[in-house]
Amino acid sequence: MSKPLPVTLDDIRAAEARIRGRVRRTPLQVDPRLKDVLLKQEYRQKTGAFKLRGATNAILSLPPDQLARGVVTASTGNHGRALAHAARAAGVRAVVCLSHLVPANKVQAVRDLGAEVRITGQSQDEAMAEVQRAVAEEGLTEVPPFDHPAVVAGQGTLGLELLADCPAPSAVLIPLSGGGLAAGVAAAVKALSPSIRLIGVSMQRGAAMAASLAAGQPVEVMEEPTLADSLGGGIGLRNCVTFEMCRALLDDVVLVSEDEIAAAMRHIHAVTGDAVEGAAAVGVAAILSGRVSVGPATLCILSGANVAPDTFARILQGQAA
Ligand SMILES: *Cc1c(COP(=O)(O)O)cnc(C)c1O
(Lines give C-alpha, C1' and ligand atoms only; values in the text may rest on other atoms or scores of the structure.)
Protein backbone atom coordinates (compact mmCIF):
# COMPACT_ATOMS: atom_id res chain seq x y z
CA MET A 1 0.00 0.00 0.00
CA SER A 2 1.24 3.47 -0.81
CA LYS A 3 0.82 6.12 1.85
CA PRO A 4 -2.57 7.84 2.09
CA LEU A 5 -3.10 11.05 0.15
CA PRO A 6 -3.31 14.35 2.07
CA VAL A 7 -7.06 14.76 1.47
CA THR A 8 -9.59 11.93 1.80
CA LEU A 9 -13.29 11.47 1.06
CA ASP A 10 -13.98 11.96 4.78
CA ASP A 11 -12.24 15.35 4.69
CA ILE A 12 -14.38 16.35 1.70
CA ARG A 13 -17.58 15.21 3.39
CA ALA A 14 -16.63 17.21 6.48
CA ALA A 15 -15.97 20.24 4.26
CA GLU A 16 -19.37 19.82 2.63
CA ALA A 17 -21.09 19.93 6.03
CA ARG A 18 -18.98 22.94 7.09
CA ILE A 19 -19.68 25.10 4.03
CA ARG A 20 -23.31 24.09 3.46
CA GLY A 21 -25.53 27.17 3.16
CA ARG A 22 -22.51 29.41 2.54
CA VAL A 23 -21.87 28.35 -1.06
CA ARG A 24 -24.29 27.68 -3.87
CA ARG A 25 -25.11 24.22 -5.15
CA THR A 26 -24.65 24.84 -8.87
CA PRO A 27 -26.62 23.21 -11.72
CA LEU A 28 -25.47 20.43 -14.05
CA GLN A 29 -26.97 21.08 -17.48
CA VAL A 30 -27.14 18.90 -20.59
CA ASP A 31 -25.29 20.49 -23.51
CA PRO A 32 -28.00 20.65 -26.20
CA ARG A 33 -25.46 20.58 -29.05
CA LEU A 34 -22.85 18.11 -27.81
CA LYS A 35 -24.25 14.63 -27.36
CA ASP A 36 -23.47 13.06 -23.97
CA VAL A 37 -21.84 16.22 -22.60
CA LEU A 38 -23.05 17.83 -19.38
CA LEU A 39 -21.94 21.24 -18.15
CA LYS A 40 -21.41 21.92 -14.45
CA GLN A 41 -22.30 25.58 -14.21
CA GLU A 42 -19.99 26.43 -11.36
CA TYR A 43 -19.46 29.90 -12.83
CA ARG A 44 -22.82 30.64 -11.19
CA GLN A 45 -21.14 30.23 -7.81
CA LYS A 46 -21.14 33.33 -5.56
CA THR A 47 -18.05 35.41 -6.48
CA GLY A 48 -18.16 33.77 -9.92
CA ALA A 49 -15.92 30.75 -9.36
CA PHE A 50 -15.56 27.50 -7.40
CA LYS A 51 -12.78 28.99 -5.26
CA LEU A 52 -15.38 30.09 -2.70
CA ARG A 53 -15.68 26.43 -1.67
CA GLY A 54 -12.04 26.03 -0.68
CA ALA A 55 -11.66 29.50 0.83
CA THR A 56 -14.79 29.07 2.97
CA ASN A 57 -13.70 25.65 4.20
CA ALA A 58 -10.20 26.92 5.01
CA ILE A 59 -11.48 29.90 7.01
CA LEU A 60 -14.07 27.87 8.91
CA SER A 61 -11.32 25.38 9.81
CA LEU A 62 -9.07 27.97 11.51
CA PRO A 63 -8.75 28.32 15.30
CA PRO A 64 -10.17 31.51 16.88
CA ASP A 65 -6.80 33.18 17.60
CA GLN A 66 -5.80 32.98 13.94
CA LEU A 67 -9.20 34.21 12.81
CA ALA A 68 -8.84 37.20 15.11
CA ARG A 69 -5.65 38.35 13.31
CA GLY A 70 -6.98 37.79 9.81
CA VAL A 71 -6.04 35.96 6.60
CA VAL A 72 -3.82 36.81 3.64
CA THR A 73 -3.28 35.41 0.16
CA ALA A 74 -1.65 36.08 -3.17
CA SER A 75 -4.03 35.28 -5.97
CA THR A 76 -4.61 35.70 -9.69
CA GLY A 77 -8.05 36.98 -8.79
CA ASN A 78 -10.69 34.35 -8.19
CA HIS A 79 -9.15 33.00 -5.01
CA GLY A 80 -8.67 36.54 -3.74
CA ARG A 81 -12.32 37.31 -4.40
CA ALA A 82 -13.36 34.09 -2.74
CA LEU A 83 -11.22 34.66 0.33
CA ALA A 84 -12.46 38.24 0.63
CA HIS A 85 -16.07 37.09 0.45
CA ALA A 86 -15.59 34.16 2.84
CA ALA A 87 -13.70 36.38 5.30
CA ARG A 88 -16.35 39.06 5.26
CA ALA A 89 -19.07 36.43 5.75
CA ALA A 90 -17.14 35.17 8.80
CA GLY A 91 -16.32 38.67 10.10
CA VAL A 92 -12.58 38.24 9.51
CA ARG A 93 -9.99 40.69 8.09
CA ALA A 94 -8.62 39.70 4.66
CA VAL A 95 -5.50 41.03 2.89
CA VAL A 96 -5.02 40.13 -0.79
CA CYS A 97 -1.62 40.57 -2.48
CA LEU A 98 -1.81 40.74 -6.28
CA SER A 99 0.77 41.27 -9.03
CA HIS A 100 0.43 43.91 -11.73
CA LEU A 101 -0.49 41.13 -14.20
CA VAL A 102 -3.93 40.68 -12.65
CA PRO A 103 -6.67 42.27 -14.80
CA ALA A 104 -8.23 45.47 -13.45
CA ASN A 105 -11.74 44.00 -13.21
CA LYS A 106 -10.47 41.29 -10.86
CA VAL A 107 -8.59 43.77 -8.65
CA GLN A 108 -11.65 45.96 -8.30
CA ALA A 109 -13.83 42.96 -7.54
CA VAL A 110 -11.57 42.05 -4.59
CA ARG A 111 -11.74 45.62 -3.28
CA ASP A 112 -15.51 45.69 -3.66
CA LEU A 113 -15.68 42.62 -1.44
CA GLY A 114 -14.11 44.56 1.40
CA ALA A 115 -10.57 43.15 1.33
CA GLU A 116 -7.41 45.18 1.70
CA VAL A 117 -5.61 44.90 -1.68
CA ARG A 118 -1.82 45.21 -1.99
CA ILE A 119 -0.46 45.31 -5.55
CA THR A 120 3.22 44.38 -5.80
CA GLY A 121 5.60 43.16 -8.50
CA GLN A 122 5.27 41.65 -11.95
CA SER A 123 4.76 38.03 -11.02
CA GLN A 124 2.94 35.68 -8.73
CA ASP A 125 6.28 35.06 -6.96
CA GLU A 126 6.61 38.71 -5.99
CA ALA A 127 3.05 38.80 -4.69
CA MET A 128 3.89 35.67 -2.68
CA ALA A 129 6.88 37.40 -1.09
CA GLU A 130 4.52 40.08 0.22
CA VAL A 131 2.30 37.37 1.70
CA GLN A 132 5.30 35.85 3.54
CA ARG A 133 6.14 39.29 4.93
CA ALA A 134 2.58 39.81 6.19
CA VAL A 135 2.63 36.38 7.83
CA ALA A 136 5.99 36.99 9.51
CA GLU A 137 5.54 40.63 10.49
CA GLU A 138 1.78 41.04 10.96
CA GLY A 139 0.79 37.58 12.19
CA LEU A 140 -1.75 36.99 9.41
CA THR A 141 -2.59 33.43 8.35
CA GLU A 142 -1.95 32.50 4.76
CA VAL A 143 -4.79 30.78 2.92
CA PRO A 144 -3.15 29.73 -0.36
CA PRO A 145 -5.14 29.31 -3.58
CA PHE A 146 -4.58 25.58 -4.01
CA ASP A 147 -1.77 23.87 -2.10
CA HIS A 148 -3.54 23.41 1.25
CA PRO A 149 -5.55 20.41 2.52
CA ALA A 150 -8.57 22.48 3.65
CA VAL A 151 -8.68 24.32 0.31
CA VAL A 152 -8.49 21.05 -1.64
CA ALA A 153 -11.18 19.48 0.54
CA GLY A 154 -13.45 22.46 -0.10
CA GLN A 155 -12.97 22.23 -3.87
CA GLY A 156 -13.68 18.50 -3.57
CA THR A 157 -17.27 19.26 -2.55
CA LEU A 158 -17.85 20.04 -6.23
CA GLY A 159 -17.01 16.40 -6.98
CA LEU A 160 -19.66 15.20 -4.51
CA GLU A 161 -22.24 17.41 -6.24
CA LEU A 162 -21.30 16.04 -9.65
CA LEU A 163 -21.89 12.44 -8.61
CA ALA A 164 -25.08 13.32 -6.73
CA ASP A 165 -26.52 14.71 -9.98
CA CYS A 166 -24.94 12.18 -12.38
CA PRO A 167 -23.89 9.03 -10.52
CA ALA A 168 -22.12 7.24 -13.37
CA PRO A 169 -20.32 9.59 -15.76
CA SER A 170 -17.68 8.10 -18.03
CA ALA A 171 -15.33 11.05 -17.57
CA VAL A 172 -14.92 14.40 -15.84
CA LEU A 173 -12.93 17.21 -17.49
CA ILE A 174 -11.39 19.49 -14.88
CA PRO A 175 -9.68 22.85 -15.55
CA LEU A 176 -6.14 22.45 -14.18
CA SER A 177 -3.74 25.06 -12.85
CA GLY A 178 -2.31 24.62 -9.35
CA GLY A 179 -4.43 21.50 -9.08
CA GLY A 180 -6.60 22.31 -6.07
CA LEU A 181 -9.81 21.77 -8.01
CA ALA A 182 -8.51 18.67 -9.78
CA ALA A 183 -7.09 17.13 -6.60
CA GLY A 184 -10.27 17.72 -4.62
CA VAL A 185 -12.69 16.58 -7.30
CA ALA A 186 -10.49 13.58 -8.08
CA ALA A 187 -10.26 12.55 -4.42
CA ALA A 188 -14.05 12.59 -4.13
CA VAL A 189 -14.81 10.93 -7.47
CA LYS A 190 -12.13 8.21 -7.37
CA ALA A 191 -13.08 7.27 -3.80
CA LEU A 192 -16.70 6.78 -4.83
CA SER A 193 -16.16 5.37 -8.30
CA PRO A 194 -12.59 4.54 -9.35
CA SER A 195 -13.40 3.73 -12.98
CA ILE A 196 -14.52 7.27 -13.90
CA ARG A 197 -11.84 8.87 -16.10
CA LEU A 198 -10.49 12.14 -14.77
CA ILE A 199 -8.87 14.47 -17.23
CA GLY A 200 -7.11 17.67 -16.26
CA VAL A 201 -7.21 20.35 -18.95
CA SER A 202 -4.82 23.30 -19.21
CA MET A 203 -3.86 25.81 -21.87
CA GLN A 204 -0.78 25.19 -24.03
CA ARG A 205 0.66 28.53 -22.89
CA GLY A 206 2.34 27.95 -19.55
CA ALA A 207 0.79 24.76 -18.15
CA ALA A 208 2.80 24.30 -14.95
CA MET A 209 1.09 21.17 -13.59
CA ALA A 210 1.31 19.39 -16.95
CA ALA A 211 5.03 20.18 -17.17
CA SER A 212 5.55 19.10 -13.57
CA LEU A 213 3.70 15.80 -14.01
CA ALA A 214 5.76 15.12 -17.14
CA ALA A 215 8.98 15.91 -15.26
CA GLY A 216 8.01 13.81 -12.23
CA GLN A 217 8.49 16.79 -9.90
CA PRO A 218 7.30 20.39 -9.59
CA VAL A 219 8.98 22.55 -12.24
CA GLU A 220 8.64 26.18 -13.24
CA VAL A 221 7.28 27.28 -16.58
CA MET A 222 7.34 30.69 -18.22
CA GLU A 223 4.17 32.67 -17.59
CA GLU A 224 2.57 33.75 -20.86
CA PRO A 225 -0.56 35.74 -21.58
CA THR A 226 -3.51 33.46 -22.22
CA LEU A 227 -7.28 33.65 -22.46
CA ALA A 228 -7.27 31.18 -19.57
CA ASP A 229 -5.58 33.68 -17.24
CA SER A 230 -7.02 31.97 -14.14
CA LEU A 231 -4.90 28.94 -15.09
CA GLY A 232 -1.63 30.90 -15.10
CA GLY A 233 1.12 30.71 -12.48
CA GLY A 234 3.25 27.92 -11.09
CA ILE A 235 2.40 25.05 -8.75
CA GLY A 236 5.15 25.94 -6.26
CA LEU A 237 8.51 24.17 -6.30
CA ARG A 238 7.79 23.00 -2.76
CA ASN A 239 4.28 21.85 -3.56
CA CYS A 240 3.14 19.47 -0.81
CA VAL A 241 -0.50 18.57 -1.56
CA THR A 242 -1.76 18.99 -5.11
CA PHE A 243 1.16 17.65 -7.17
CA GLU A 244 1.12 14.32 -5.39
CA MET A 245 -2.67 14.09 -5.60
CA CYS A 246 -2.86 14.99 -9.28
CA ARG A 247 -0.11 12.49 -10.05
CA ALA A 248 -1.95 9.74 -8.19
CA LEU A 249 -5.51 10.50 -9.27
CA LEU A 250 -5.65 12.09 -12.74
CA ASP A 251 -5.84 9.67 -15.66
CA ASP A 252 -4.72 12.19 -18.24
CA VAL A 253 -3.78 15.81 -18.84
CA VAL A 254 -4.72 17.54 -22.10
CA LEU A 255 -3.58 20.94 -23.38
CA VAL A 256 -5.68 23.26 -25.56
CA SER A 257 -4.79 26.20 -27.80
CA GLU A 258 -5.96 29.80 -27.51
CA ASP A 259 -8.18 29.43 -30.61
CA GLU A 260 -9.75 26.32 -29.12
CA ILE A 261 -10.46 28.15 -25.86
CA ALA A 262 -12.06 31.05 -27.75
CA ALA A 263 -14.25 28.69 -29.78
CA ALA A 264 -15.34 26.95 -26.59
CA MET A 265 -16.24 30.27 -24.96
CA ARG A 266 -18.45 31.03 -27.97
CA HIS A 267 -20.00 27.57 -27.80
CA ILE A 268 -20.80 27.90 -24.09
CA HIS A 269 -22.32 31.32 -24.68
CA ALA A 270 -24.44 29.92 -27.50
CA VAL A 271 -25.84 27.05 -25.42
CA THR A 272 -26.20 28.74 -22.01
CA GLY A 273 -26.44 32.44 -22.88
CA ASP A 274 -23.69 33.05 -20.32
CA ALA A 275 -20.21 34.54 -20.52
CA VAL A 276 -17.59 32.28 -18.96
CA GLU A 277 -13.89 32.98 -18.64
CA GLY A 278 -11.24 31.17 -20.67
CA ALA A 279 -10.22 28.89 -17.80
CA ALA A 280 -13.79 27.64 -17.55
CA ALA A 281 -13.94 26.75 -21.25
CA VAL A 282 -10.92 24.43 -21.50
CA GLY A 283 -12.91 21.21 -21.02
CA VAL A 284 -15.34 22.08 -23.79
CA ALA A 285 -12.32 23.18 -25.88
CA ALA A 286 -10.78 19.72 -25.44
CA ILE A 287 -14.01 18.11 -26.66
CA LEU A 288 -14.73 20.46 -29.58
CA SER A 289 -11.15 20.09 -30.82
CA GLY A 290 -11.33 16.29 -30.68
CA ARG A 291 -8.45 16.09 -28.18
CA VAL A 292 -10.78 14.19 -25.84
CA SER A 293 -13.35 11.75 -27.16
CA VAL A 294 -16.76 11.77 -25.54
CA GLY A 295 -18.15 8.71 -23.80
CA PRO A 296 -21.59 8.37 -22.20
CA ALA A 297 -22.11 11.27 -19.76
CA THR A 298 -18.94 13.33 -20.01
CA LEU A 299 -18.93 16.10 -17.42
CA CYS A 300 -17.22 19.45 -17.99
CA ILE A 301 -16.61 21.74 -15.05
CA LEU A 302 -17.21 25.34 -16.12
CA SER A 303 -15.16 26.81 -13.31
CA GLY A 304 -15.64 30.58 -13.45
CA ALA A 305 -17.27 33.62 -15.01
CA ASN A 306 -14.76 36.35 -14.30
CA VAL A 307 -13.92 37.59 -17.78
CA ALA A 308 -13.46 41.26 -18.66
CA PRO A 309 -16.47 42.37 -20.72
CA ASP A 310 -14.30 43.82 -23.52
CA THR A 311 -12.31 40.58 -23.77
CA PHE A 312 -15.51 38.60 -24.01
CA ALA A 313 -16.97 40.92 -26.62
CA ARG A 314 -13.86 40.49 -28.80
CA ILE A 315 -14.10 36.72 -28.52
CA LEU A 316 -17.77 36.72 -29.48
CA GLN A 317 -16.81 38.69 -32.57
CA GLY A 318 -14.53 35.85 -33.56
CA GLN A 319 -11.14 37.14 -32.55
CA ALA A 320 -8.97 34.61 -30.72
CA ALA A 321 -7.26 36.92 -28.25
C1 LIG B 1 -8.31 28.79 -9.96
C2 LIG B 1 -9.11 28.48 -11.14
C3 LIG B 1 -8.91 27.29 -11.88
C4 LIG B 1 -7.80 26.31 -11.56
O5 LIG B 1 -7.87 25.81 -10.27
P6 LIG B 1 -6.61 25.12 -9.57
O7 LIG B 1 -7.13 24.62 -8.28
O8 LIG B 1 -5.57 26.17 -9.41
O9 LIG B 1 -6.14 24.04 -10.49
C10 LIG B 1 -9.76 27.02 -12.92
N11 LIG B 1 -10.73 27.89 -13.28
C12 LIG B 1 -10.95 29.03 -12.62
C13 LIG B 1 -12.04 29.91 -13.07
C14 LIG B 1 -10.15 29.36 -11.52
O15 LIG B 1 -10.38 30.51 -10.87
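This is a predicted model: local features need pLDDT of at least 70, side-chain atom pairs count only at pLDDT 80 or more; totals for chains, interfaces and linings use all residues.
Modeller: Residues are numbered from 1 along each chain as its sequence is written, and side-chain values use heavy atoms, with hydrogens and water left out.

Biologist: What makes up domain 1 and domain 2?

Modeller: Domain 1 covers 9-49 + 148-316, and domain 2 covers 52-142. These bounds come from an automatic or database domain assignment. The domain centres, taken over C-alpha atoms, are 22 Å apart.

Biologist: How many residues does each domain bring to the contact?

Modeller: Domain 1 brings 29 residues and domain 2 brings 21, where contact means heavy atoms within 4.5 Å.

Biologist: What area do domain 1 and domain 2 bury between them?

Modeller: About 2000 Å², with 52% of it on carbon and sulfur atoms. Buried area is the accessible area (1.4 Å probe) that two parts lose on being put together, summed over both.

Biologist: Why is the pair Arg 53 and Glu 161 called a salt bridge?

Modeller: The term requires a side-chain nitrogen of Lys or Arg within 4 Å of a carboxyl oxygen of Asp or Glu. The side chains of Arg 53 and Glu 161 meet at 3.0 Å, N to O, so the pair qualifies. Between domain 1 and domain 2 the count is two salt bridges.

Biologist: Which elements give two or more residues to the side of domain 1 that touches domain 2?

Modeller: They are α1 (9-19) and α7 (149-165), and α7 gives the most, with eight residues. Helices (H or I, at least four residues) are DSSP runs, numbered from the N terminus.
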